[in-house]
Amino acid sequence: MKEEPQSTVHPGREAGLDRVLGLGSVIGILIGSVIGSGIFIVPATIAAAVESPVLMLAVWVLGGVLSFFGALAFSELGAALPRAGGMYVFLREAYGRPVAFLFGWTLFLVIDSGAIATLSMAFASKYLPYFVTLTPVATKIAALVMIGALVVANYVGTRWGAFVQNTLTVVKFAGVVGVSLVVLALADGEVSHFVSPPVPPWSGGLVGAFGVALVAALWAYKGWESVTFSAGEMKDPKRDLPIGLFAGTLVVIGVYAIANVAYLWVFPAREIAASTRIAADAMQAAVGAAGASLVAGIILFSIVGAGNAIILTAPRVFFAMARDGLFLKSLARVHTRYHTPHVSIVATGVWASVLALSGTFEQLATYVVFGQWLFFGLTVAAVFVLRHTRRDLPRPYRTWGYPVTPALFILASAFIAVNTLVTQPMNALAGLGIIAIGIPAYLIWSRNRPVDQ
(Lines give C-alpha, C1' and ligand atoms only; values in the text may rest on other atoms or scores of the structure.)
Protein backbone atom coordinates (compact mmCIF):
# COMPACT_ATOMS: atom_id res chain seq x y z
CA MET A 1 0.00 0.00 0.00
CA LYS A 2 1.59 3.25 -1.08
CA GLU A 3 1.85 5.94 1.57
CA GLU A 4 0.47 9.36 0.75
CA PRO A 5 1.33 12.80 2.03
CA GLN A 6 -0.31 13.73 5.29
CA SER A 7 -3.33 15.95 5.01
CA THR A 8 -3.48 19.51 6.15
CA VAL A 9 -6.03 20.39 8.80
CA HIS A 10 -7.96 23.49 7.85
CA PRO A 11 -10.97 25.31 9.31
CA GLY A 12 -13.39 24.38 6.52
CA ARG A 13 -13.02 20.68 7.15
CA GLU A 14 -16.32 20.37 8.98
CA ALA A 15 -18.25 22.95 6.98
CA GLY A 16 -21.93 22.64 7.86
CA LEU A 17 -21.54 21.10 11.33
CA ASP A 18 -22.54 23.26 14.28
CA ARG A 19 -20.32 23.60 17.34
CA VAL A 20 -23.03 23.07 19.95
CA LEU A 21 -21.47 20.66 22.49
CA GLY A 22 -20.41 22.20 25.77
CA LEU A 23 -18.35 20.75 28.60
CA GLY A 24 -21.36 19.09 30.23
CA SER A 25 -22.16 17.25 27.01
CA VAL A 26 -18.53 16.14 26.61
CA ILE A 27 -18.58 14.63 30.10
CA GLY A 28 -22.02 13.14 29.50
CA ILE A 29 -20.90 11.49 26.26
CA LEU A 30 -17.85 9.97 27.94
CA ILE A 31 -19.69 8.62 30.98
CA GLY A 32 -22.54 7.40 28.82
CA SER A 33 -20.15 5.68 26.42
CA VAL A 34 -18.26 3.85 29.16
CA ILE A 35 -20.99 2.84 31.61
CA GLY A 36 -23.06 0.31 29.70
CA SER A 37 -23.44 -3.27 30.88
CA GLY A 38 -19.79 -3.85 31.84
CA ILE A 39 -20.09 -2.97 35.54
CA PHE A 40 -22.95 -5.48 35.84
CA ILE A 41 -21.19 -8.35 34.01
CA VAL A 42 -17.41 -7.99 34.35
CA PRO A 43 -17.12 -8.29 38.17
CA ALA A 44 -17.90 -12.01 37.93
CA THR A 45 -15.20 -12.51 35.27
CA ILE A 46 -12.62 -10.68 37.35
CA ALA A 47 -13.52 -12.53 40.55
CA ALA A 48 -13.28 -15.88 38.78
CA ALA A 49 -9.85 -15.00 37.38
CA VAL A 50 -8.06 -13.65 40.47
CA GLU A 51 -10.22 -14.98 43.36
CA SER A 52 -8.70 -12.60 45.94
CA PRO A 53 -10.81 -9.48 46.75
CA VAL A 54 -7.63 -7.40 47.11
CA LEU A 55 -6.60 -8.35 43.58
CA MET A 56 -10.13 -7.74 42.32
CA LEU A 57 -10.05 -4.14 43.54
CA ALA A 58 -6.46 -3.76 42.30
CA VAL A 59 -7.55 -4.81 38.80
CA TRP A 60 -10.31 -2.19 38.74
CA VAL A 61 -7.96 0.53 40.01
CA LEU A 62 -5.21 -0.37 37.53
CA GLY A 63 -7.69 -0.54 34.65
CA GLY A 64 -8.95 2.91 35.59
CA VAL A 65 -5.44 4.34 35.89
CA LEU A 66 -4.43 2.98 32.48
CA SER A 67 -7.61 4.36 30.93
CA PHE A 68 -6.83 7.71 32.53
CA PHE A 69 -3.32 7.60 31.05
CA GLY A 70 -4.88 6.99 27.63
CA ALA A 71 -7.24 9.92 28.18
CA LEU A 72 -4.27 12.17 29.01
CA ALA A 73 -2.67 11.37 25.64
CA PHE A 74 -5.94 11.73 23.74
CA SER A 75 -6.40 15.13 25.37
CA GLU A 76 -3.20 16.43 23.79
CA LEU A 77 -4.15 15.03 20.40
CA GLY A 78 -7.74 16.29 20.58
CA ALA A 79 -6.72 19.79 21.65
CA ALA A 80 -4.13 19.97 18.86
CA LEU A 81 -6.45 18.49 16.21
CA PRO A 82 -10.04 19.43 17.21
CA ARG A 83 -11.72 17.97 14.12
CA ALA A 84 -14.62 15.60 13.57
CA GLY A 85 -13.34 12.04 13.51
CA GLY A 86 -11.12 11.96 16.59
CA MET A 87 -8.93 8.86 16.45
CA TYR A 88 -9.24 8.74 12.66
CA VAL A 89 -7.77 12.25 12.39
CA PHE A 90 -4.98 11.49 14.90
CA LEU A 91 -3.97 8.33 13.04
CA ARG A 92 -4.16 10.10 9.67
CA GLU A 93 -1.89 12.93 10.77
CA ALA A 94 0.62 10.60 12.46
CA TYR A 95 0.80 7.67 10.03
CA GLY A 96 -1.06 8.68 6.87
CA ARG A 97 -4.38 7.79 5.34
CA PRO A 98 -3.99 3.98 4.99
CA VAL A 99 -3.71 3.32 8.74
CA ALA A 100 -6.47 5.81 9.52
CA PHE A 101 -8.74 4.24 6.93
CA LEU A 102 -8.22 0.73 8.32
CA PHE A 103 -9.25 2.00 11.76
CA GLY A 104 -12.39 3.69 10.41
CA TRP A 105 -13.19 0.67 8.24
CA THR A 106 -13.01 -1.69 11.22
CA LEU A 107 -14.98 0.76 13.38
CA PHE A 108 -17.81 0.79 10.85
CA LEU A 109 -17.75 -2.85 9.87
CA VAL A 110 -17.60 -4.37 13.35
CA ILE A 111 -16.42 -2.36 16.37
CA ASP A 112 -19.06 0.32 16.88
CA SER A 113 -21.83 -1.07 14.67
CA GLY A 114 -21.36 -4.40 16.41
CA ALA A 115 -21.47 -2.67 19.80
CA ILE A 116 -24.81 -1.04 18.91
CA ALA A 117 -26.14 -4.42 17.77
CA THR A 118 -24.97 -6.09 20.98
CA LEU A 119 -26.52 -3.39 23.16
CA SER A 120 -29.84 -3.48 21.29
CA MET A 121 -30.14 -7.24 21.62
CA ALA A 122 -29.16 -7.13 25.30
CA PHE A 123 -31.85 -4.49 25.76
CA ALA A 124 -34.53 -6.55 24.04
CA SER A 125 -33.65 -10.12 25.03
CA LYS A 126 -32.10 -9.88 28.51
CA TYR A 127 -33.59 -6.93 30.39
CA LEU A 128 -36.82 -5.81 28.71
CA PRO A 129 -38.37 -9.25 29.52
CA TYR A 130 -38.22 -8.26 33.20
CA PHE A 131 -41.20 -6.03 32.40
CA VAL A 132 -42.90 -7.48 29.30
CA THR A 133 -43.05 -10.91 27.70
CA LEU A 134 -41.67 -10.95 24.15
CA THR A 135 -41.76 -13.54 21.40
CA PRO A 136 -38.55 -14.10 19.37
CA VAL A 137 -39.93 -11.90 16.58
CA ALA A 138 -40.99 -9.20 19.02
CA THR A 139 -37.51 -9.30 20.56
CA LYS A 140 -35.93 -8.52 17.19
CA ILE A 141 -38.45 -5.75 16.58
CA ALA A 142 -37.74 -4.22 20.00
CA ALA A 143 -34.00 -4.20 19.23
CA LEU A 144 -34.62 -2.46 15.90
CA VAL A 145 -36.96 0.06 17.53
CA MET A 146 -34.25 0.99 20.02
CA ILE A 147 -31.72 1.54 17.21
CA GLY A 148 -34.25 3.46 15.12
CA ALA A 149 -35.27 5.76 17.97
CA LEU A 150 -31.65 6.68 18.68
CA VAL A 151 -30.95 7.27 14.99
CA VAL A 152 -33.92 9.66 14.79
CA ALA A 153 -32.86 11.53 17.96
CA ASN A 154 -29.37 12.13 16.53
CA TYR A 155 -30.57 12.73 12.96
CA VAL A 156 -32.65 15.78 13.93
CA GLY A 157 -29.81 17.61 15.62
CA THR A 158 -26.65 17.20 17.63
CA ARG A 159 -28.34 19.15 20.42
CA TRP A 160 -31.11 16.55 20.56
CA GLY A 161 -28.62 13.70 20.61
CA ALA A 162 -26.65 15.43 23.36
CA PHE A 163 -29.85 16.13 25.34
CA VAL A 164 -30.83 12.46 25.21
CA GLN A 165 -27.27 11.53 26.18
CA ASN A 166 -27.09 13.91 29.12
CA THR A 167 -30.49 12.83 30.42
CA LEU A 168 -29.67 9.12 30.23
CA THR A 169 -26.25 9.69 31.76
CA VAL A 170 -27.76 11.43 34.78
CA VAL A 171 -30.28 8.60 35.21
CA LYS A 172 -27.71 5.82 34.91
CA PHE A 173 -25.16 7.61 37.11
CA ALA A 174 -27.75 8.20 39.82
CA GLY A 175 -28.97 4.63 39.42
CA VAL A 176 -25.60 2.89 39.74
CA VAL A 177 -24.43 5.10 42.61
CA GLY A 178 -27.83 4.86 44.28
CA VAL A 179 -27.87 1.06 44.11
CA SER A 180 -24.35 0.94 45.56
CA LEU A 181 -25.26 3.22 48.46
CA VAL A 182 -28.47 1.31 49.20
CA VAL A 183 -26.55 -1.97 49.29
CA LEU A 184 -23.89 -0.52 51.58
CA ALA A 185 -26.52 1.00 53.87
CA LEU A 186 -29.15 -1.73 54.06
CA ALA A 187 -27.59 -5.09 53.22
CA ASP A 188 -25.99 -7.29 55.87
CA GLY A 189 -22.31 -7.38 54.93
CA GLU A 190 -19.01 -8.66 56.19
CA VAL A 191 -15.73 -6.76 56.39
CA SER A 192 -13.93 -10.09 55.99
CA HIS A 193 -15.12 -10.23 52.37
CA PHE A 194 -12.54 -7.55 51.53
CA VAL A 195 -9.53 -9.58 52.68
CA SER A 196 -10.49 -13.25 52.34
CA PRO A 197 -9.20 -15.25 50.59
CA PRO A 198 -5.77 -13.57 50.82
CA VAL A 199 -3.56 -12.79 47.84
CA PRO A 200 -1.88 -16.06 46.75
CA PRO A 201 1.90 -16.34 46.42
CA TRP A 202 3.44 -14.65 43.38
CA SER A 203 3.66 -16.98 40.36
CA GLY A 204 3.48 -17.03 36.60
CA GLY A 205 -0.06 -18.36 36.83
CA LEU A 206 -1.08 -15.46 39.05
CA VAL A 207 0.36 -12.96 36.54
CA GLY A 208 -1.57 -14.64 33.74
CA ALA A 209 -4.81 -14.62 35.75
CA PHE A 210 -4.31 -10.96 36.65
CA GLY A 211 -3.78 -10.22 32.96
CA VAL A 212 -7.05 -11.95 32.01
CA ALA A 213 -8.86 -9.93 34.68
CA LEU A 214 -7.22 -6.68 33.51
CA VAL A 215 -8.39 -7.28 29.93
CA ALA A 216 -11.94 -7.66 31.25
CA ALA A 217 -11.67 -4.47 33.31
CA LEU A 218 -10.30 -2.46 30.38
CA TRP A 219 -13.23 -3.71 28.29
CA ALA A 220 -15.58 -2.31 30.93
CA TYR A 221 -13.72 1.03 30.82
CA LYS A 222 -13.73 1.22 27.01
CA GLY A 223 -15.65 4.08 25.44
CA TRP A 224 -13.81 7.17 26.72
CA GLU A 225 -12.04 7.46 23.36
CA SER A 226 -15.27 8.01 21.43
CA VAL A 227 -15.78 11.50 22.85
CA THR A 228 -12.96 12.68 20.55
CA PHE A 229 -15.01 11.71 17.48
CA SER A 230 -17.30 14.70 18.05
CA ALA A 231 -14.55 17.30 18.56
CA GLY A 232 -15.69 19.08 15.38
CA GLU A 233 -18.99 19.95 17.10
CA MET A 234 -17.61 21.12 20.45
CA LYS A 235 -17.89 24.81 21.29
CA ASP A 236 -14.37 24.99 22.69
CA PRO A 237 -12.63 21.66 22.04
CA LYS A 238 -9.18 22.92 23.04
CA ARG A 239 -10.50 23.51 26.56
CA ASP A 240 -13.50 21.23 26.94
CA LEU A 241 -12.02 18.05 25.44
CA PRO A 242 -9.10 17.72 27.90
CA ILE A 243 -11.25 18.72 30.88
CA GLY A 244 -14.06 16.42 29.78
CA LEU A 245 -11.70 13.47 29.32
CA PHE A 246 -10.14 14.03 32.74
CA ALA A 247 -13.37 14.61 34.64
CA GLY A 248 -15.40 11.93 32.89
CA THR A 249 -12.74 9.24 33.28
CA LEU A 250 -12.26 10.03 36.99
CA VAL A 251 -16.03 9.92 37.57
CA VAL A 252 -16.24 6.49 35.93
CA ILE A 253 -13.36 5.20 38.07
CA GLY A 254 -15.19 6.41 41.17
CA VAL A 255 -18.49 4.83 40.12
CA TYR A 256 -16.85 1.49 39.36
CA ALA A 257 -14.97 1.56 42.67
CA ILE A 258 -18.05 2.17 44.80
CA ALA A 259 -20.04 -0.48 42.89
CA ASN A 260 -17.37 -3.13 43.48
CA VAL A 261 -17.04 -2.20 47.15
CA ALA A 262 -20.82 -2.65 47.47
CA TYR A 263 -20.69 -6.08 45.79
CA LEU A 264 -17.88 -7.23 48.09
CA TRP A 265 -19.67 -5.92 51.18
CA VAL A 266 -22.52 -8.35 50.52
CA PHE A 267 -20.81 -11.33 48.88
CA PRO A 268 -17.42 -13.05 49.14
CA ALA A 269 -15.34 -13.23 45.96
CA ARG A 270 -16.35 -16.82 45.18
CA GLU A 271 -20.06 -15.90 45.14
CA ILE A 272 -19.42 -12.88 42.94
CA ALA A 273 -17.58 -15.19 40.52
CA ALA A 274 -20.62 -17.50 40.38
CA SER A 275 -23.19 -14.73 39.89
CA THR A 276 -24.54 -13.89 36.44
CA ARG A 277 -26.37 -10.79 37.73
CA ILE A 278 -24.35 -9.49 40.63
CA ALA A 279 -26.03 -6.06 40.92
CA ALA A 280 -29.50 -7.62 41.06
CA ASP A 281 -28.31 -10.16 43.63
CA ALA A 282 -26.82 -7.39 45.78
CA MET A 283 -30.01 -5.33 45.63
CA GLN A 284 -32.12 -8.37 46.46
CA ALA A 285 -29.98 -8.88 49.54
CA ALA A 286 -30.60 -5.24 50.50
CA VAL A 287 -34.30 -4.66 49.74
CA GLY A 288 -35.77 -7.98 48.60
CA ALA A 289 -37.13 -9.23 45.28
CA ALA A 290 -38.12 -5.76 44.07
CA GLY A 291 -34.41 -4.96 43.88
CA ALA A 292 -33.89 -7.15 40.83
CA SER A 293 -36.53 -5.29 38.81
CA LEU A 294 -35.09 -1.94 39.87
CA VAL A 295 -31.63 -2.98 38.71
CA ALA A 296 -33.08 -4.25 35.41
CA GLY A 297 -34.60 -0.82 34.84
CA ILE A 298 -31.31 0.90 35.56
CA ILE A 299 -29.52 -1.43 33.16
CA LEU A 300 -32.07 -0.63 30.44
CA PHE A 301 -31.31 3.09 30.80
CA SER A 302 -27.60 2.30 30.89
CA ILE A 303 -27.77 0.27 27.68
CA VAL A 304 -29.79 2.89 25.81
CA GLY A 305 -27.36 5.59 26.95
CA ALA A 306 -24.35 3.61 25.75
CA GLY A 307 -26.04 2.98 22.38
CA ASN A 308 -26.92 6.66 22.00
CA ALA A 309 -23.34 7.68 22.77
CA ILE A 310 -22.07 5.51 19.91
CA ILE A 311 -24.63 6.81 17.42
CA LEU A 312 -23.83 10.37 18.54
CA THR A 313 -20.08 9.96 17.99
CA ALA A 314 -19.11 7.14 15.60
CA PRO A 315 -20.79 8.57 12.45
CA ARG A 316 -18.41 11.54 12.71
CA VAL A 317 -15.54 9.18 11.91
CA PHE A 318 -17.25 7.95 8.75
CA PHE A 319 -18.14 11.56 7.88
CA ALA A 320 -14.44 12.51 8.15
CA MET A 321 -13.41 9.54 6.01
CA ALA A 322 -15.92 10.50 3.32
CA ARG A 323 -14.67 14.10 3.42
CA ASP A 324 -11.21 12.71 2.69
CA GLY A 325 -12.63 10.82 -0.30
CA LEU A 326 -12.02 7.48 1.42
CA PHE A 327 -15.59 6.31 1.96
CA LEU A 328 -18.98 6.57 0.30
CA LYS A 329 -19.37 10.18 -0.86
CA SER A 330 -22.90 10.43 0.50
CA LEU A 331 -21.61 9.93 4.05
CA ALA A 332 -19.98 13.37 3.85
CA ARG A 333 -23.34 15.11 3.43
CA VAL A 334 -24.58 17.50 6.11
CA HIS A 335 -28.32 18.01 6.52
CA THR A 336 -29.27 21.50 5.39
CA ARG A 337 -31.75 21.99 8.22
CA TYR A 338 -30.44 19.89 11.12
CA HIS A 339 -26.71 20.36 10.41
CA THR A 340 -25.90 16.74 11.21
CA PRO A 341 -24.04 14.11 9.14
CA HIS A 342 -27.43 12.48 8.62
CA VAL A 343 -26.46 9.95 5.95
CA SER A 344 -23.59 8.69 8.10
CA ILE A 345 -25.92 8.38 11.09
CA VAL A 346 -28.50 6.42 9.11
CA ALA A 347 -25.83 4.17 7.54
CA THR A 348 -24.48 3.34 11.01
CA GLY A 349 -27.97 2.47 12.26
CA VAL A 350 -28.81 0.37 9.20
CA TRP A 351 -25.61 -1.68 9.40
CA ALA A 352 -26.02 -2.15 13.16
CA SER A 353 -29.56 -3.41 12.50
CA VAL A 354 -28.26 -5.88 9.92
CA LEU A 355 -25.75 -7.21 12.44
CA ALA A 356 -28.43 -7.43 15.12
CA LEU A 357 -30.73 -9.44 12.86
CA SER A 358 -27.92 -11.69 11.65
CA GLY A 359 -26.92 -12.73 15.16
CA THR A 360 -23.22 -12.62 14.25
CA PHE A 361 -22.30 -9.49 16.21
CA GLU A 362 -21.07 -11.20 19.38
CA GLN A 363 -18.65 -13.43 17.50
CA LEU A 364 -17.48 -10.52 15.37
CA ALA A 365 -16.84 -8.51 18.52
CA THR A 366 -14.46 -11.18 19.86
CA TYR A 367 -12.56 -11.05 16.58
CA VAL A 368 -11.71 -7.35 16.73
CA VAL A 369 -10.40 -7.09 20.31
CA PHE A 370 -6.89 -7.70 18.99
CA GLY A 371 -7.03 -5.01 16.29
CA GLN A 372 -8.92 -2.58 18.48
CA TRP A 373 -6.14 -2.44 21.05
CA LEU A 374 -3.52 -2.19 18.32
CA PHE A 375 -5.28 0.99 17.16
CA PHE A 376 -5.46 2.30 20.73
CA GLY A 377 -1.72 1.78 21.16
CA LEU A 378 -0.96 3.39 17.80
CA THR A 379 -3.13 6.40 18.65
CA VAL A 380 -1.39 7.07 21.97
CA ALA A 381 1.97 6.53 20.23
CA ALA A 382 0.89 9.34 17.87
CA VAL A 383 1.71 11.75 20.71
CA PHE A 384 5.38 10.81 20.29
CA VAL A 385 5.19 10.82 16.50
CA LEU A 386 3.45 14.18 16.10
CA ARG A 387 5.72 15.95 18.58
CA HIS A 388 8.55 15.21 16.16
CA THR A 389 6.82 15.41 12.77
CA ARG A 390 4.24 18.17 13.36
CA ARG A 391 5.95 20.78 15.47
CA ASP A 392 3.69 23.34 13.77
CA LEU A 393 0.58 22.08 15.57
CA PRO A 394 -0.70 24.24 18.44
CA ARG A 395 -0.62 22.34 21.73
CA PRO A 396 -2.83 24.10 24.27
CA TYR A 397 -2.53 20.98 26.43
CA ARG A 398 0.46 18.65 26.80
CA THR A 399 0.20 15.13 28.15
CA TRP A 400 0.75 15.05 31.90
CA GLY A 401 3.54 12.64 32.86
CA TYR A 402 4.97 12.48 29.33
CA PRO A 403 6.70 10.26 28.27
CA VAL A 404 5.93 7.80 31.11
CA THR A 405 2.12 7.85 31.10
CA PRO A 406 1.64 7.32 27.33
CA ALA A 407 4.41 4.68 27.32
CA LEU A 408 2.64 2.72 30.06
CA PHE A 409 -0.62 2.84 28.10
CA ILE A 410 1.16 1.65 24.93
CA LEU A 411 2.66 -1.27 26.88
CA ALA A 412 -0.79 -2.16 28.24
CA SER A 413 -2.28 -2.08 24.73
CA ALA A 414 0.53 -4.30 23.45
CA PHE A 415 -0.03 -6.69 26.37
CA ILE A 416 -3.74 -7.03 25.56
CA ALA A 417 -3.02 -7.60 21.86
CA VAL A 418 -0.32 -10.19 22.58
CA ASN A 419 -2.43 -11.85 25.28
CA THR A 420 -5.30 -12.18 22.79
CA LEU A 421 -2.96 -13.57 20.15
CA VAL A 422 -1.60 -16.19 22.57
CA THR A 423 -4.82 -17.18 24.34
CA GLN A 424 -7.24 -16.79 21.40
CA PRO A 425 -5.09 -17.12 18.26
CA MET A 426 -7.98 -17.91 15.92
CA ASN A 427 -9.97 -14.88 17.08
CA ALA A 428 -6.90 -12.65 16.74
CA LEU A 429 -6.17 -13.90 13.23
CA ALA A 430 -9.84 -13.49 12.27
CA GLY A 431 -9.66 -9.91 13.56
CA LEU A 432 -6.60 -9.24 11.44
CA GLY A 433 -8.51 -10.71 8.51
CA ILE A 434 -11.38 -8.26 9.03
CA ILE A 435 -8.90 -5.38 9.11
CA ALA A 436 -7.08 -6.73 6.03
CA ILE A 437 -10.32 -6.75 4.03
CA GLY A 438 -10.07 -2.98 4.23
CA ILE A 439 -6.85 -2.92 2.19
CA PRO A 440 -8.49 -3.50 -1.21
CA ALA A 441 -11.33 -1.20 -0.17
CA TYR A 442 -8.78 1.53 0.58
CA LEU A 443 -7.06 1.02 -2.77
CA ILE A 444 -10.38 1.37 -4.59
CA TRP A 445 -11.43 4.56 -2.79
CA SER A 446 -7.98 6.15 -2.85
CA ARG A 447 -7.73 5.55 -6.60
CA ASN A 448 -10.96 7.51 -7.14
CA ARG A 449 -10.12 10.25 -4.65
CA PRO A 450 -9.48 13.72 -6.11
CA VAL A 451 -5.77 14.50 -6.03
CA ASP A 452 -6.24 17.72 -4.03
CA GLN A 453 -7.77 15.94 -1.03
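**Helix packing and core**

Author: In this predicted model, I39, V42, P43, I46, A47 and V50 of helix 2 are in contact with L55, M56, V59 and W60 of helix 3.

Reader: How many residues of that contact are nonpolar, polar or charged?

Author: The contact of helix 2 with helix 3 comprises 10 nonpolar residues, with no polar and no charged ones.

Reader: And at what angle do helix 2 and helix 3 pack?

Author: The angle is about 130°, and the axes of helix 2 (residues 38-50) and helix 3 (residues 53-80) lie 9 Å apart.

Reader: Is the crossing of helix 2 and helix 3 left-handed or right-handed?

Author: The crossing of these two helices is right-handed.

Reader: Turning to the core, which residues touch the most other members of the largest nonpolar core?

Author: I46 and Y256 do, within a core of 148 residues.

Reader: What does I46 touch, leaving aside residues up to four places away in sequence?

Author: On that basis, I46 touches E51, M56, V59, W60, A213, A216 and A217. Among them, M56, V59 and W60 also belong to the helix 3 side of the contact with helix 2.

Reader: How far apart are the C-alpha atoms of V110 and V34?

Author: They are separated by 18 Å, with the two residues 76 apart along the chain.

Technical notes
Residues numbered from 1 in each chain as written. Predicted model: local features only at pLDDT ≥ 70, side-chain atom pairs only at ≥ 80, totals over all residues. Heavy atoms only, no water. Axes fitted to C-alpha atoms, helices over the stretch in contact; angles between N-to-C directions. Helix = DSSP H or I, 4+ residues; strand = E, 2+ residues; numbered from the N terminus. Left-handed = near helix turned anticlockwise from the far one by under 90°. Contact = heavy atoms within 4.5 Å. Nonpolar A, V, L, I, M, F, W, Y, C, P; charged D, E, K, R; others polar. Core = buried A, V, L, I, M, F, W, Y, C linked by side-chain atoms within 4.5 Å. Buried < 20%, exposed > 50% of the residue type's maximum accessible area, 1.4 Å probe, protein only.
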